[in-house]
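Open your viewer and get ready to select residues.

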Amino acid sequence: MNRKLMLLMILSSIMMSSTLFAQGKKKRNTKENVVKAAAYQAEHGVLKSGVFHILQSWFGVKDYDRAVYVQVPNGAGPYPVYIALHGKGGSGERKIRNFKRMTDRIVIAPDGYNKGWSQKRPDVDFIRQIIKHLKTCEIVDDSNIAIHGSSNGAGLLYSLMIELEEDTFHHGIASIGGMSPDRYDGKNFLWDPKGNADNKTPIVPAKGRRFLQINGTDDQIVPYNGGTGTLGIEFLPAQETFYNWAVHMGEKGTKLADSAGKPHPANNKLIIYEYLNGNFKHVKAVGAKHGVSGKEVKVIIQEFISQPPMNK
């Protein structure tokens, strides 16, 4: 009897120890070590890691504080700037966490309203104000500013390419995004000076910008060959959009045939097209859907933004 009791006590002790160990593991795995960005006032000449806000109002919304997340390298600079525009459902706070290893430049990640971007809001002016503030800061190399938009953020990037003034930024990158026919009618780029997304007024976009465009051939949201995607938005063909921008920036040659693309040396599913001595680069990701990633793509982007701005 005593022997049975002793065995029961030993088993109970083992079970209690195992339960405590499992609970301890669960607690450690679910704990998030996320440090909130420190907020500061965006005064003239002040730029540091953290978050500042820009106040905006538009139809139906008054005095809305729009967050801008910032990551500044250690050192005196001046540093080039990389502005990252998140896709639909994203945020600047989450976006900037992806760039902890980007220490050779200042990273800016603004918040879209309701986690998105729209032509019916003053999003272009929001980015304009951010850049205006950056240009007051000695740590910023304001002659070398890149803007990279992904998905819905790429839609904003195209609006910035069309509407922002000369020398506001110098490198544009559009990932898994496209341009709709209401922004280019086959002859003119179009916009709405009143900001109501009624894009019928011709505009001549600023010149002297380099451009990298990345698209997947099996993207159903932004169809590679143009047409209406699964979200009901119509897009121009990817290679046509790319060529139209190259012509605007000074390309004199004819449009490259689809077969003229060159496979990436490390990944033959990435087909590269270039105009203007490589200042315009298009990456066709064969078989990719609404998401083009991988180490080769990261290297392409890093090498692209590491090049000097294009001569006008």
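Start with β13 (267-275) and strand β14 (residues 280-285): they pair in the antiparallel sense over six bridges. Strands here are DSSP runs of E with at least two residues, helices are runs of H or I with at least four residues, and both are numbered from the N terminus. Two strands count as paired if DSSP finds at least two bridges between them.

Before you go on, note that this is a predicted model: local features need pLDDT of at least 70, side-chain atom pairs count only at pLDDT 80 or more, and totals for chains, interfaces and linings use all residues. Residues are numbered from 1 along each chain as its sequence is written, and side-chain values use heavy atoms, with hydrogens and water left out.

**Stop 1: the strands**

Select Glu274. Its bridge partner in β14 is Lys281. Now follow the chain from β13 to β14. The two strands form a hairpin, with four residues between them. Click on Leu276 in the turn: it has a positive phi of about 50°.

Next, select strand β12 (residues 262-264). It pairs with β13 in the antiparallel sense, over three bridges. This is also a hairpin, with two residues between the strands. Pick His264 and look across to β13, where Asn267 is its bridge partner.

While you have strands on screen, look at their side chains. In a regular strand they alternate between the two faces of the sheet.

**Stop 2: the cavities**

Now look for empty space. Rolling a probe the size of a water molecule over the atoms shows where it is left. The search uses a 1 Å grid over the protein atoms alone; a cavity is a set of points where a 1.4 Å probe fits but cannot get out, and lining residues have an atom within 4 Å of a point. Grid points are joined across faces, edges and corners, and a volume is the space filled by probe spheres set on the points.

How many cavities of 30 Å³ or more does the structure hold? There are two.

Select Gln239, Phe242, Lys255, Leu256, Tyr273, Tyr275 and His282. They line the second largest cavity, which holds about 40 Å³ of space. Both α5 and β13 supply at least two residues of this lining.

The largest cavity holds about 50 Å³. Of its 13 lining residues, select the closest to its centre: Gly177, Gly178, Asn215, Leu236 and Ala238. β9 (210-216) and α5 (238-248) each give two or more residues to this lining. Color it by class: eight residues are nonpolar, five polar and none charged. Nonpolar means Ala, Val, Leu, Ile, Met, Phe, Trp, Tyr, Cys and Pro; charged means Asp, Glu, Lys and Arg; the others, Gly among them, are polar.

**Stop 3: the pockets**

A pocket is an open set of points with protein on both sides within 12 Å along at least five of seven lines.

The second largest pocket has a volume of about 620 Å³. Of the 21 residues lining it, Tyr82, Phe99, His148, Lys298 and Ile301 are the closest to its centre. Which element gives the most to this lining? Select α6 (295-305): it gives five residues.

Finish at the largest pocket, with about 1,100 Å³ of space. Select Trp117, Ser118, Gln119, Asn152 and Gly155, the closest to its centre of 43 lining residues. Then show α4 (152-163), the source of the largest share of the lining, seven residues. By class, the lining has 19 nonpolar, 13 polar and 11 charged residues.
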